[in-house]
Amino acid sequence: MSELDRDLGAWAREELSREQLLAVHGAAAAALIAVHDRLTGAAAAVAVPSVEAGWATLIARIDAPAPVVPLRRPRPRRTLSIAVAAALALAGIAYAGSRGSHDGSPAVSPVTTAPALAGPSFGSHGGRSAPGPTASTVPPTASHRPSGSGASAHGGAGASSGIRGGEGGGSAKRADDPHDRDQGTGDDGSHNDHGSGNNGPEGSPPPESHGR
Amino acid sequence: MEVSAFRGSTPANISAPSLDGKGGDEPDAREHERALVRRAQDGDRDAFGDLYRTHLPAVSRLVRFRLGAEDQDAVSEVFLRAWRGLRSYRDTGVPFAAWLYGIARHVAIDSLRKRGRDEPRDELPEHGVEPMTAEILTLRGAIEHLPTEQRQVIELKYLVGMTNEEVAAAMGTTPGAVNAKQWRALKALADVLEERA
């Protein structure tokens, strides 16, 4: 404890007068005393609220049931996001419906038509048929392509999505050999070409003309 | 009851002579307050009412300094939390006022957070521009620059009105150390206020 601390304590205990303190420590003590006076004055100037009114208010709060804090706070942003998403979805459905009615064709969800655009069957054999493994090996020419070739040979029959599905699949079934195991590539005899459609003996490589 | 029994709570006791920590802590008064706390812990509202009357000035000053403005709701909230948490209070020799001081600090922080959510911080000083409010805001701004211990000493001594012994008991130190911290804090405050002047 410094000499100043000790003398300040003595002043606080009224063992030392303010004048004596200032005479000994000068400006250093004066600055501290000034802050002390400001703090004391400000604290003393704070108005104390009415005890009885405050107590009555407190009693009312004590008697009131404790507020129930909800476990989940309302989240306006989440609600707004859900509302916007729902509106967008409804607008999309309405738009698709209106387009379908303008074309004169039944309304089709964009989801059902999208795979047909990417598939090898050029969108004419039903959108729901997935592209088969033989799609790239079968020549796209009408003369070499068996009826219902490509992805639609098997799937086409069941892919009657309402546009033109089932047309190719039906012809494939009619022209195929009953013992054929060509896995839908066409009627090329009773051999198993694993779908490569080479028309040769079983196990032979497919002809180069097929684009390999 | 004698509302002046607890000397440290009244504004008059924070003048210079009371800051020495001498004679401001009658054993009878302390024992009387302990008895009140025990009764209040048992659900005696009258006893809690006496505690309320005794400590209302100190809590009001604390809230006023912490928030920069009068806030009756915050003052009421301090005592409401005290009532609800009274059973958890254990008399370990630390003055009851120090326990209330801790609650008041949290209430003030919560109130400032709520205020910050409700309105921009820049608008806060415009609520009251009377001279004393300006002085309190100036002092509060300077106090906020103090290290935690020094700030606690200033608040406990000047706002709560505790003696050096009581502050020492609350902070787990000696009255001499409290005295030294107090003057060191005042020196730091003087420097901050001079910089801002």
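The legends below describe several close-up views of a predicted model.

In this predicted model, local features need pLDDT of at least 70 and side-chain atom pairs count only at pLDDT 80 or more, whereas totals for chains, interfaces and linings use all residues. Residues are numbered from 1 along each chain as its sequence is written, and chains are lettered from A, with ligands numbered from 1, in the order in which they are written.

**View 1. The helices of chain A.**
Chain A has eight helices and zero strands, where helices (H or I, at least four residues) and strands (E, at least two) are DSSP runs numbered from the N terminus. Of the 212 residues in chain A, 24% count as buried, a term that requires 20 or more other C-beta atoms within 10 Å of the residue's own, while exposed residues have 12 or fewer, partly exposed ones lie in between, and C-beta atoms are placed from the backbone.

**View 2. The side of chain B that touches chain A.**
Here 37 residues of chain B are in contact with 29 residues of chain A, contact being defined by C-beta atoms, placed from the backbone, that lie within 7 Å. Helix H8 (175-196) of chain B is among the elements that give two or more residues to this side, and H8(B) gives the most, with nine residues.

**View 3. Pro49(A) in its loop.**
Pro49(A) lies in the loop between helix H3 (27-45) and helix H4 (51-63) of chain A, and this residue is buried because 20 other C-beta atoms lie within 10 Å. Leaving aside residues up to four places away in sequence, Pro49(A) touches Gly54(A) as well as Ser60(B), Gln72(B) and Val75(B).

**View 4. Val63(B) and its neighbours.**
Val63(B) is one of the residues that touch the most other members of the largest nonpolar core, which has 58 residues; such a core is a set of buried Ala, Val, Leu, Ile, Met, Phe, Trp, Tyr and Cys residues joined through C-beta atoms within 7 Å. The largest share of this core, ten residues, comes from H2(B). Not counting residues up to four places away in sequence, the residues that Val63(B) touches include Val78(B) and Ala104(B).

In H1(B), the buried residues are Glu33(B), Leu36(B) and Ala40(B). Seen down the axis of H1(B), these buried residues fall within an arc of 55°, so they line one face of the helix, the arc being that of the directions from the helix axis to the C-beta atoms. On the other side of H1(B), Pro27(B), Asp28(B), Glu31(B) and Ala35(B) are exposed.

Key. Contact = placed C-beta atoms within 7 Å.
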